[in-house]
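Open the structure in your viewer and keep the selection tool at hand. Each stop below gives something to select and says what is there.

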Amino acid sequence: MYITAIGLGSNLGNRLLNLRTALRFLMEMLPCSGGNRLIKASDVFETEPWGVKNQPYFLNACLIMKNLLPLKDLLARIKGIESEMGRMVTRRWGERKIDIDILFMDSIVYDSPDLRIPHAEMHRRDFVLIPLAQIAPHWVHPRTKRAISEMASDFRDQNPTRICNL
């Protein structure tokens with residue numbers, strides 16, 4: 001079993017409903033034995049777009065889940081959820097109904113053309129680190145050797161707006 005951190009984001013349609021629907025799909029589609037799949041969920045935050053600025057604001061949240069799937073199988077399930085929810089391929093860092101990212105899986109380090117674990121950009125993104133610090137503050141990034149809470153403190157001047165519970 002893997003302890004897995006997932007990032008959720010949406011900036012099209014009913015953003016909060018999109019995040020909650022993605023959570024429901026993850027709960028239904030990820031196999032887990034011996035208890036709840038969901039360990040913790042962060043609050044939902046409204047954040048400025050990252051990368052491409054001329055688009056609607058995002059709602060973002062993070063999850064810590066138990067998961068039995070190997071990394072490539074987990075990625076395939078997540079891509080299936082995004083597709084089922086109507087995610088369309090747009091420009092890089094563009095608008096999207098739902099975005100589901102694997103942030104980390106235990107302390108696995110994995111590099112391929114399709115996927116990097118831990119997530120390649122998570123240590124640079126306030127919209128990931130601030131919600132993740134609520135639920136996994138002590139997890140240490142195996143590449144940077146810094147705790148999530150420490151990395152999130154780099155963004156203390158950029159406070160996204162807390163919206164609600166997921």
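Begin with helix α3 and select its buried residues: Asp-126, Phe-127, Val-128, Leu-129, Ile-130, Pro-131, Leu-132, Ala-133 and Ile-135. Buried means under 20% relative accessible area, exposed means over 50%, and partly exposed lies in between, with a 1.4 Å probe and protein chains only. That makes 9 of the 10 residues of α3 buried, and the helix is mostly covered. Helices (H or I, at least four residues) and strands (E, at least two) are DSSP runs, numbered from the N terminus.

Before going on, note that this is a predicted model, in which local features need pLDDT of at least 70 and side-chain atom pairs count only at pLDDT 80 or more, while totals for chains, interfaces and linings use all residues. Residues are numbered from 1 along each chain as its sequence is written, and side-chain values use heavy atoms, leaving out hydrogens and water.

What do the buried residues of α3 pack against? Show β1 (2-10), β2 (38-41), β3 (43-47), β4 (58-67), β5 and α4: these are their partners. Contact here means heavy atoms within 4.5 Å.

Next, select Phe-104 and Trp-139. A search of the whole structure finds 1 aromatic pair. Its rings, in Phe-104 and Trp-139, have centres 3.8 Å apart and planes at 5°, so the pair is stacked. Phe-104 is in strand β5 (residues 99-105) and Trp-139 is in the loop between α3 (126-135) and α4 (148-153), so the pair links parts of the chain 35 residues apart. Rings of Phe, Tyr and Trp (its six-membered ring) pair if their centres lie within 6.5 Å; planes under 30 degrees apart count as stacked, over 60 as edge-to-face and the rest as tilted. Phe-104 is buried at 3% relative accessible area, and Trp-139 is buried at 14%.

How many disulfides does a search of the whole structure find? The count is 0, a disulfide being a pair of cysteine sulfur atoms within 2.5 Å. The closest cysteine sulfur to that of Cys-62 is in Cys-164, 14 Å away, so the two are too far apart for a bond. Cys-62 is buried at 1% relative accessibility, and Cys-164 is buried at 17%.

Finish at Asn-18 in helix α1 (residues 15-29). Is Asn-18 buried or exposed? Asn-18 counts as buried, at 5% relative accessibility. Leaving aside residues up to four places away in sequence, Asn-18 touches Ser-10, Leu-12, Gly-13, Met-85, Lys-97 and Ile-98.
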